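Me: I am new to this structure and would like to learn how to read it. Please show it first, then take the features one by one.

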Amino acid sequence: MDIDTLNVTGRTETGKGPNRRLRSQGQVPAVIYGSNEEPKMVALNFRELEKALSKPNAETNLFTLAGEGLDKTTTVIREIQRDPVTRRFLHVDLFRVRMDQEAEFEVPIHATGTPVGVREGGMLETHLRSITVKCLPGKLPESIVVDISKLQVNETLHVSDIQLTEGLTLVTDGAETLFGVHAVKVAAEATEEDAAQPEVIGKKKEEE
């Protein structure tokens, strides 16, 4: 896995006012925590962060930090707060990881193939888009690809059905459903049911 670098600068002020000023200067407030170390408040360059997160699965990738005595510190993004309207970054939580220690990571799930049930008229439902695994940072995959082509109508694929690569331990409950294919009510059947119902207007006329 490629590890991108994010430059950081320190910050001492907190609160809406200082954070708003930082964002107006092209900076994004962030905090670094984890590995039994004291949390550290920093700021990230907006454009640099935007570019890094434009890559596939970037929000689950590892990042090396540079600056403020944090050189070669490896982190993973735990949370990104965005403005609900503009979607601009408001705050980022970075979690420290050690390359020689296992940690929990959220990994995106990508489905491949068209289910048999869908080709027969069923509808695919996606229940989970990511799962949590435990592994060494160097073993962390960018995503997990799941073949759903054999799913038939009224069949489901569970987390426990995933074949994990060596070095990954499943944290998400294996009983959780990932994907399911469900039958769709045929329009013709609905028309027949409607035709079987008495016409209300006609019935009123007959009663009159």
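**Reading strands, sheets and cores**

Reply: Strand 4 (residues 62-66) is mostly covered, with four of its five residues buried. Buried means under 20% relative accessible area, exposed over 50% and partly exposed in between, with a 1.4 Å probe and protein chains only. Strands (E, at least two residues) and helices (H or I, at least four) are DSSP runs, numbered from the N terminus. The model is predicted: local features need pLDDT of at least 70 and side-chain atom pairs count only at pLDDT 80 or more, while totals for chains, interfaces and linings use all residues. Residues are numbered from 1 along each chain as its sequence is written, and side-chain values use heavy atoms, leaving out hydrogens and water.

Me: In which sense does strand 4 pair with strand 1, and in which with strand 5?

Reply: Two strands pair if DSSP finds at least two bridges between them. Strand 1 (residues 4-10) runs parallel to strand 4, over four bridges, and Asp-4 has Phe-63 as its bridge partner. Strand 5 (residues 73-82) is antiparallel to strand 4, also over four bridges; here Phe-63 stands opposite Thr-75. Six residues lie between the strands of this hairpin, and Gly-67 takes a positive phi near 110 degrees.

Me: What is the order of strands in the open sheet of three strands?

Reply: The order is 8-13-11, with antiparallel pairing. Strand 8 (123-126) and strand 11 (155-158) are the edge strands, each pairing on one side only. From one strand to the next, the twist averages 15 degrees; axes are lines fitted to C-alpha atoms, for helices over the stretch in contact, and angles run from 0 to 180 degrees between N-to-C directions. Strand 11 and strand 13 (residues 177-182) share four bridges, and Leu-157 stands opposite Phe-179.

Me: Which residues touch the most other members of the largest nonpolar core?

Reply: A nonpolar core is a set of buried Ala, Val, Leu, Ile, Met, Phe, Trp, Tyr and Cys residues joined through side-chain atoms within 4.5 Å. Of the 24 residues in the largest one, those are Phe-105, Ile-109, Ile-131, Val-146, Leu-178 and Phe-179. Strand 7 (103-112) is among the elements that give two or more residues to this core, and strand 7 gives the most, with four. Contact means heavy atoms within 4.5 Å. Leaving aside neighbours within four places in sequence, the contacts of Val-146 include Ile-109, Leu-157 and Phe-179.

Me: How many residues are in the second core?

Reply: That separate core has 20 residues, including Ile-32, Leu-53, Leu-65 and Phe-89.
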